[in-house]
Each structure stands twice: as structure tokens, then as C-alpha cells.
Amino acid sequence: MLDDAAFEAFLHKRRPTPPVFSMDGLDGYLTALIIGPSFIDPRQWIPLFAGERALMALEGTTEALAVQTLVANYNRISTGLAETPETWRPRFARRNDGSFDPFHWSTAFLLATDFAPRLWRPVLHGHAATGDIIAPIRDTTGVNSRLDDAGVAAVAKAAVAIRSYFMPRRVKAART
């Protein structure tokens, strides 16, 4: 695996440009893939970050290590949401004043909903069954957004609620 700095450096060198360039952005992107309305095959999103040939990269190469980094982060988020949703928290960057910067996480989260925009619609646009459960995420997409611990918990709670809303659909799809 690559450490955070090496993975971010790898992302900055990638062409075509990957969807995100930071670990907090990656966390938001992967969270949306994990909790969304349908399973997104890793063969669809890993190449966006690591390149078209990365899944076949030789062991020990930077591309192979990048794939391992992606998979490890995906598994960490997925496990946290499945096993300890009450304590799971998104990975936000810290600002100098001690607050959390949700901008990259939240914008990357919303970007990842483009894999299934029609299926995300009830959450993104509100619906009788969902209300506005995405509000804590959507409301943190401003460049100057700042969160305290309670705000981080609200975003986490929204992600868990979205996961719960989509889970019956995902379970049903897995059975067929």
C-alpha cells in the first residue's frame, strides 16, 4: 500500500485527471459508492484513480500499490459502516483552527453519485420516503465550510441513514 502522501502524489501525477486528489476526497467518493443504491463494480472506478491497466499491474509497482490503497480504504469504510455505524465517522481534513474541513469529502461524495444518478434521485432531491436526509452532506460543500465534532457526527448520521435507505434495494439486487 501507499501511505497518504505517496498516494496523493500519485493522484496528482495521473492523466487523465482522477476524480479526487486527496485522502479526504477519496473517503467521500468511496463512501458514496459503498452506501449508494447499487453495487458499483470496482473495475468501473479503480481505473479512474489508478489507470486502465492498474488492475493487471505487476506486484510491487506503484500502480499495484495504488490499487491496494484504494481497496484498503474501500474495505475500511465498508467495514466501519457495516459493523459500527454508530461510531463510524467520515475522514475530513483538519483546519488550523481545529475545526474540520468537509469540502473535499462532500464534493467527492456528490461526484460519486453520478454512477447511478437516477437511483440516487430520491436522496439527492428529496422524496416522501427520504425527506432531506442528505442535507448535512449537501450543506457542507462550500469552500469555507467548517464543522465541529457535532457537525461531523451529523454528516456520519446522514451517511448511515442513506445506507439504510438503499440497503433493501442492494440486498434484493444481490439475491437476483
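1. A residue is called buried when its relative accessible area is under 20%, exposed when over 50%, and partly exposed in between (1.4 Å probe, protein chains only). Helices (H or I, at least four residues) and strands (E, at least two) are DSSP runs, numbered from the N terminus. In helix 3 (residues 42-50), the buried residues are Trp45, Ile46, Pro47, Phe49 and Ala50.

2. Some ground rules. This is a predicted model, where local features need pLDDT of at least 70, side-chain atom pairs count only at pLDDT 80 or more, and totals for chains, interfaces and linings use all residues. Residues are numbered from 1 along each chain as its sequence is written, and side-chain values use heavy atoms, with hydrogens and water left out.

3. What do the buried residues of helix 3 pack against? They pack against helix 1 (4-13), helix 2 and helix 4 (62-83); contact means heavy atoms within 4.5 Å. Gly51 follows helix 3, and its phi is positive, near 105°.

4. The structure holds nine aromatic pairs. Rings of Phe, Tyr and Trp (its six-membered ring) pair if their centres lie within 6.5 Å; planes under 30 degrees apart count as stacked, over 60 as edge-to-face and the rest as tilted. Trp45 and Tyr74 are stacked because their ring centres are 5.4 Å apart and their planes lie at 20°. This pair links distant parts of the chain: Trp45 is in helix 3 and Tyr74 in helix 4, 29 residues apart. Trp45 counts as buried, at 1% relative accessibility. Tyr74 counts as buried too, at 14%.

5. Trp105 and Phe109 form another stacked pair, with 5.3 Å from centre to centre and 20° between the planes. They sit four residues apart in helix 5, so about one helical turn separates them. An α-helix has 3.6 residues a turn, so residues three or four places apart point the same way. Trp105 is buried at 0% relative accessibility. Phe109 is also buried, at 0%.

6. Ring pairs build a cluster from Phe92, Trp105, Phe109, Trp120, Tyr165 and Phe166. Phe166 belongs to helix 8, where a kink of about 40° lies at this residue, shortly before the proline Pro168. The bend at a residue is the angle between axes fitted to the seven residues ending there and the seven starting there.

7. Phe166 is one of the buried residues of helix 8, which also include Gly151, Val152, Ile162 and Arg170. What covers them includes helix 2 (23-35), strand 2 (100-101), helix 5 (103-112), helix 6 (117-124) and helix 7 (135-138).
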